[in-house]
Amino acid sequence: MEQQKKVFGLAALFDSPDSIIKAAKTVTDKGYKNFDVHTPYPVHGMDKAMKLPPSKLGYVTLTFGLTGAAIALLFMYWTMSVDYPMIIGGKPFFAFPAFIPVTFEVTVLLATLSTVIGMITFFFYYPDNSHPIHDTNYMKSVSIDKFGVCIEATDSKYNEEEISKLFADLGAKSTEIIYFAEKVDRKIFEPKFITLLIVTASIVSGVAYIHLNKILYLPPFDWMMEQSRVNVQSMSSFFNDNFGMRTPVKGTVARGFLPYEFAGVNEPSSPLANPFFPSKENLVLGEKKYNTFCSPCHGNFGDGDSRLNGQFPLPPSLHTTKAREWQDGNLYHIIVNGQNVMPSYASQLNIEERWAIVNYIRVLQRAKNASDADIQEIKKESVKNVSR
Amino acid sequence: MSHDNLNFVKKELPTGFKNLGLILLLVGIVGGTISFFLNAEQAIFNYLLAFMFLMSIGVGALFLISLEYVAGADWSTPLRRVIEFSASVIPYLIVLSIPILLNLHTLFHWSHTDVVATDKVLQGKSPYLNEMFFAIRVVVVFAIWGLFYFLFTKNSKKQDITKDQKLTSINIKLSAVFIPLFAITASVAAIDFMMSLEPHWFSTIFGVYFFSGSVLAALSVITYATVKLREGGYLHPKMVDDHYYSLGALLFAFVNFWGYIAFSQYMLIWYANLPEETFWFLARWEGSWIFISLALIVVHFLVPYSVLLSQPAKMDSKKLKFAALWILFAHVLDLYWLILPTFHGESNFVNTILGFSFIIGAIGLVMLLFYFNAKKTNLVPIGDPKLEKGLNFRL
Amino acid sequence: MNIDYSQELPVVEGRLSLREIDDLIARPMDEKPNKKYFLALSFTLSLMSIGAVSVALTLYYGIGMWGNNQPVGWAFDIVNFVFWVGIGHAGTLISAILFLLRQKWRTGIARFAEAMTIFAVMCAAIFPVLHTGRMWVAVVYLLPYPNQHGLWVNFTSPLIWDVFAVSTYFTVSLVFWYVGLIPDFATLRDRTASKIKKVIYSVFSLGWRHSHRNWQHYEKSYMLLAGFATPLVLSVHTIVSFDFAVSILPGWHTTIFPPYFVAGAIFSGFAMVVTVLIFVRKVFDLENIITINHLEKMNKVILATGMMVGYAYGMEFFIAWYSGNPVEQFAFINRAFGPYAWAYWIMVSCNVIFPQFFWVKKIRRSVPLMLIIAIFVNIGMWFERFVITVTSLHRDFLPSSWGYYTPTLVDFGVLIGSFGLFFTLVLLFTKTLPVVSISEVKAVADGAQPSHHGGDH
C-alpha cells in the first residue's frame, strides 16, 4: 500500500527559530526551488533567508482603492449633478467637499476587501483544505511550537537520500515523508447534497414568500397602508350620505382646466392675449400638434388643401388677409370654440398646445408672405450654414 | 549589556556648513533691513512669517523630544540630539519676538484703541486682546518653552557623562508635565500670533492646525538633518535604514494629519456657511490668493502624500530628503497663506522679493545653531540607556 | 521603582513555552462552561430581554414611545449611537494604530479589543436604525439604489456619510478581525480532538498551512489593513462629529469637533476595554499575557486622551467667549449653569478630573482603582454625548420653543438592552474563539525570534 502512494515531499522539524533560519538559508543556497518553511508565527528575517521577492499585494490594494474612489466620485457626480440635480443647503450640484467622506469610505472598503480577497485567491491559490500537508504529524507540530521545512517532490533536484542527509546535518529533530492522500470521488449528484440544496431552496423561498405576502401585511408593518384617513371613492359613515368623497365647493376649478371666458361667443372683440413666446420648443410642439390635428383639413402648410379629397368640405386657407390680420386670441378662440363645421378641439389640446398651434400658424403665414427683409435674412443664414 | 555605543567617534561638522549658515543669516539680516526701510509694513508681515517658521520648528521639535520620553520610544534615541538641536531656537524666540512687539500696531488690528472703540465685537475681546496682556502671554509662553528646553537638554547632556538612568526618569516626568502645558501654550501662541491677525475670526481647531504644521516642519528638519548627517558619517555607525522608515512613516502620518485637520476646518466652515466664519476663507479665495489656496492642497498634501506612500520610499534617503525639503517649503507656503492675506498695505515687487530674505535668514539661523550645538555636544546621546535598544531597532 | 531603561520589558510574563501559550489561550474553548459563566450569561440575557421588550414597543407603537420631542428631536438614540461607536474605536486603535507604531504590548489585548469593536458597532447600529421609524423600509432612504421615483439619497447629508462610514467600519473591522483569526483557526484545527470542531475550524482556517510563503503576504496584508483601518477609524468618528458640526446650531457648530470626537472615542473605548479586560484576565487566568504593564499603558492612554478631551472643553469655552457671538456664549453658559448643569458637571468630573488620578503610578497599577476610574470614564463619556446633544437642542432660537427633555422608560430599556447585547456577545466570544491572538503572542514571546535578526543577515 505504502509504495503506491504518491510522495508530496520530505519535511523536517527544527526546534528553534535560529536553526530554521539557518535551514531555510541552506536549502535556498543549495538551489532548491519548490520548498516551503512552516512556522507557527512569522519569523523575522525569513524573507531574506528564503530570498523571497517583496509581496506584490500592495498593487492590488492600490488599483482597487483608486477604482473605488473613481466609482464613488463619478456616481455621486452623476446622481447629484446629472440625474436628479437639486440645490441642497445652497451648495453647488457638484459639492466636492461634501463628497469627500463617502469617496473616502468607498475607497477604503474596496481597497481592504480586494486586499483580502486578492490575497486568498491570487496569492494563496484559493482555500485548500485537502492539501497533503494537512493532518500530518509535521503539520500538527509546526502549528504549535516547531519550525519545519518541506522540500517538495516536484523540485528538479529532489532526491530523498540527499535531502535527508542535508536535514540531518542541519540538526533536524525529525524528518517525515509526506504523501498525497488517495483520491476520493466526490459526486455532485449525491442524495445528501441534493437534499441539502432542496432544503436550502425551500427555506429561502418560504421565508421570502411569508415575509413579502404575510408579515408585511401584519401590524405594525402595514401601518403605511392602513392609515386613518378616507381613501378615494370609499365609504365613510362620517357623512349622512355615506360617501367618502364630497362634491367640490361651487366655483372650484380643477387643475389645468381653467374655464374659457368666451366659450360660445362668436368672434370676441377683445380676445385673449398670447401668453407664450414662440420659442423653438414651443414651435416644435406647435408643428407637431398642427400636423396631427389641423393638417388633415387645413393642409400641411395651411393652404386649405385638404388631404381628405372632398369627403369633407374644404376649410378656408389660413393665409387670407382676414386670418393674417386676426389677433392670436381669435385663432385660439376658433381652436377652443370651433367654427362652422369645425368642431372644438378643447378636449384634445391643452392650453399650451393650443397657443403653440397659434404660434405655428403665424410661422406658416410669415413664410408664405415673406418680406424682402425676411428673404435677405434667410439668405444670410443659408450662407452661414453652407460655410459651416 | 555591552557598550557598543563606545564605537561612536565624534566628527566635527565642516566649517563650510557654518559659513553657509552665516552667509544666509547675513543675507537675511541685510535684505530684511533694506526691506524694512523700503516698506516697513510689508517687511514686518514677512518678518512674522519667518518668526512663525522658526517658532514652529522649535516648538515642534521640543514636543517630539517630550513625546519620545513619554511614549518610551527607543528608535529615535540615536537621533535625539538632532531633535534637540532642531529645538535649539527656542531660547532665542523671546529676543526674536521684540520686532513684533514693537510693531504690534502694524500687525494687529485689535491694538488700535480707536478702532476697538467703535467695534462691539472687538470690545468684547479686549480683555484678552490688548497689548499688555499680549506681551505677558508672549513672555510666559516662551519662558515655559525655554525652561523645558533647558531642562531636557541639560539632563540629556549630563547623561553623556554620568550615564545615570535617573536622568531619563526625570525627563520622562518633565515630559509628562510639559505635554499638557505644550497643548495650552502652543494654542495660545497660534491664536495670538496668527488667528488674532484677523481679530473677528475664530476657529476652535486653530491650535491643532498650528500643532500639525509645526510638528511636520520640525520632522522635516529632523529628517533632512538625519539623512544628511548619516550620509556624512556623523551619526552612530550602527544606525540602519529602519530608522529612516520610522521618520518617513511619521512624516507621512503628519502629512495626513495636517490634511485631516485642514479639511475639517474648511469643511465645517464651508458647510455651515456662517458669514462670521466664511469671510476668512473668502479673503483667501479672492484674486490671486485662490491659486495659493488651491496650491496648498497639492503642495502640502497630495505631493508629499504620493511621494511617501509606498513602503520603500519611506526608507529611500533621496526621497526622504526631497520630501523633507518639499514639506518645509509647503509649510512656508502654509504660513504665508495664513499670515499674508491680512496685509492690506501697499506692496511692491522689490519688497516682495526682499521678503524672502527673512526666510533665508531663518534657515541660516537654524544652520548656525545646529553647527554650534554640534560643536559643543555629541551628535549621539552616548550616555542614554535606551541607545543600544534604539540602535538595534528593526522593523 | 528603579527601571532599567536599557532593557526591554517582556511582553509575555512567566516565560511560557509556545505550547503552554496554546493551552492557556485555548482552554476556555476546550472546557465546558461552568456555573459562573451561565450565571453571567443569564444576567446579560435578561438585560437583553429588557431591551427586546423596549424595541418591540418602539416598533409597534412608533418613536412616540421615546422621550424626544420638539425642541429636543435627537436624544438617547444619537447619544447611545455615538457612545457605542466611540467604544468601538479603541479596538481599532489598539489593533491598527498600535500595530503601525510597532507597540508589541498590543498583542495581548488586540483580539479582544477588535471583538469589542465589532460588538460595539452592532450595538451602535441599533439606534439610528430604530430611529428611522419603519426600519424595514429604511433601505429606501439609506442606500442609493435605483428606484421608480428616480430619487437618490442625499450624498451631501452627513447622515448618509454615517451610513457609509459605519457600514464600512463594520465590514473592515470584521475582515481585519477575521484575517487575524485565520492562523489561530489553523492552530486550533490541528490541536482539537473533536470531529465537529475540526470541520468548523478547517472551514474557517481557509486551509491555512503556516507556510512562510503565505506568511509573507499575510503580514503585508495585515499591514495594509492596519494602514487603512487607521484613517478609517478617524474618519468614522469625524463623520459622526459632522452630524453635529456641519449644522449652525450653537454648541454643535465648532471646528474642533472632528479631532475632539476622535480623542473622546478613544478615551471611552479604552476605558471600556480596561473594564472588560480586568474581568477576562482574572476569569481565564491570562494574567501572564494581559499583564499589569499592559493595563498601565492603557491607563496612560486614558489619561492622555482624557486631557485631550479636557483641552477641547476648554477651547470650546474660550472660543465661545472669544467669538463675541452672544448666541454662542449663551449656549455654553447655559450648558454649565442651565437646567442641564448636573449633566455637564458629571461629564467634566468624570472625564477630566477622575482620570487625573492616573498621574499616580500606584493607582495606574492597582486593578480595583483603575476599574472604578474606567467605569467613571464610561459614565462621563456617555454624559458628554448627552450634554452635547440635549443641552444644545433644548434651548431653541425662539424662547417660546424652549423645552426640557426627559427620557422615558422605553429609552432606558433600549439602552440597557444594548448593554445586554454587548456583554452577551462578549461572553459568547470568550467561549468560542481565542480571546488572545495565539500566533501574535507566540511571535513576541521570549526567544521566539531569531537572535540578531536583521543587521547581520
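Asp135(A) is partly exposed, because 16 other C-beta atoms lie within 10 Å. The model in which this residue sits is predicted. Asp135(A) has its place in the loop between helix 4 and helix 5 of chain A. Its phi is near 65 degrees, a positive value in a residue other than glycine. Most residues other than glycine have a negative phi, and most peptide bonds are trans.

Between Pro219(A) and Pro220(A) the peptide bond is cis, with omega near 0 degrees. Pro220(A) belongs to the loop between helix 7 (191-213) and helix 8 (280-298) of chain A.

His210(C) is not a glycine, yet it has a positive phi of about 55 degrees. This residue is found in the loop between helix 7 (195-205) and helix 8 of chain C. His210(C) counts as buried because it has 26 C-beta neighbours inside 10 Å, where 20 or more are needed. As for the peptide bond, Gln70(C) and Pro71(C) are joined by a cis one, with omega about 0 degrees. Pro71(C) lies in the loop between helix 2 (35-61) and helix 3 (76-100) of chain C.

Where chain A meets chain C, 63 residues of chain A and 58 residues of chain C take part. On the side of chain A that touches chain C, the elements giving two or more residues are helix 1 (17-29), strand 2 (35-38), helix 2 (46-50), helix 3 (57-83), helix 4 (96-123) and helix 5 (137-142) of chain A. Helix 4 of chain A supplies the largest share of this side, with 17 residues. By class, the side of chain A that touches chain C consists of 39 nonpolar, 14 polar and 10 charged residues.

Chain C also touches chain B. This contact takes 30 residues from chain C and 34 residues from chain B. Two or more residues on the side of chain C come from each of helix 8 (212-245), helix 9 (257-283) and helix 10 of chain C. The largest share of that side, seven residues, belongs to helix 10 of chain C. The side of chain C that touches chain B divides into 15 nonpolar, 12 polar and three charged residues.

Within chain B, one pair of helices can be followed. Helix 1 (residues 15-38) of chain B packs with helix 16 (residues 349-376) of chain B at an angle of about 145 degrees, and their axes are 6 Å apart. The crossing of helix 1 of chain B with helix 16 of chain B is left-handed. Their contact has 19 nonpolar, 10 polar and one charged residues.

One is helix 11 (residues 326-337) of chain C, whose 12 residues should span 16 Å at 1.5 Å a residue; the C-alpha atoms at its ends are 16 Å apart, which agrees. Which residues of helix 11 of chain C are buried? They are Glu328(C), Ala331(C), Phe332(C) and Arg335(C). These residues are on the same side of helix 11 of chain C because they cover an arc of only 85 degrees around the axis. Pro326(C) and Phe337(C), on the other side of helix 11 of chain C, are exposed. The buried residues of helix 11 of chain C pack against helix 10 (292-323), helix 12 (341-353) and helix 14 (367-394) of chain C.

The last stop is Ile21(C), in helix 1 (residues 18-30) of chain C. Is Ile21(C) buried or exposed? Ile21(C) counts as buried because it has 23 C-beta neighbours inside 10 Å. Apart from neighbours within four places in sequence, Ile21(C) is in contact with Leu16(C), Ile438(C), Val441(C), Lys442(C) and Ala445(C). The C-alpha atom of Ile21(C) is separated by 9.7 Å from that of Asn288(C), and the two residues are 267 residues apart along the chain.

Note on methods: Residues numbered from 1 in each chain as written. Chains lettered and ligands numbered in written order. Predicted model: local features only at pLDDT ≥ 70, side-chain atom pairs only at ≥ 80, totals over all residues. Contact = placed C-beta atoms within 7 Å. Helix = DSSP H or I, 4+ residues; strand = E, 2+ residues; numbered from the N terminus. Nonpolar A, V, L, I, M, F, W, Y, C, P; charged D, E, K, R; others polar. Expected span 1.5 Å × (residues − 1). Buried ≥ 20, exposed ≤ 12 C-beta atoms within 10 Å, placed from the backbone. Arc of directions from axis to C-beta. Axes fitted to C-alpha atoms, helices over the stretch in contact; angles between N-to-C directions. Left-handed = near helix turned anticlockwise from the far one by under 90°.
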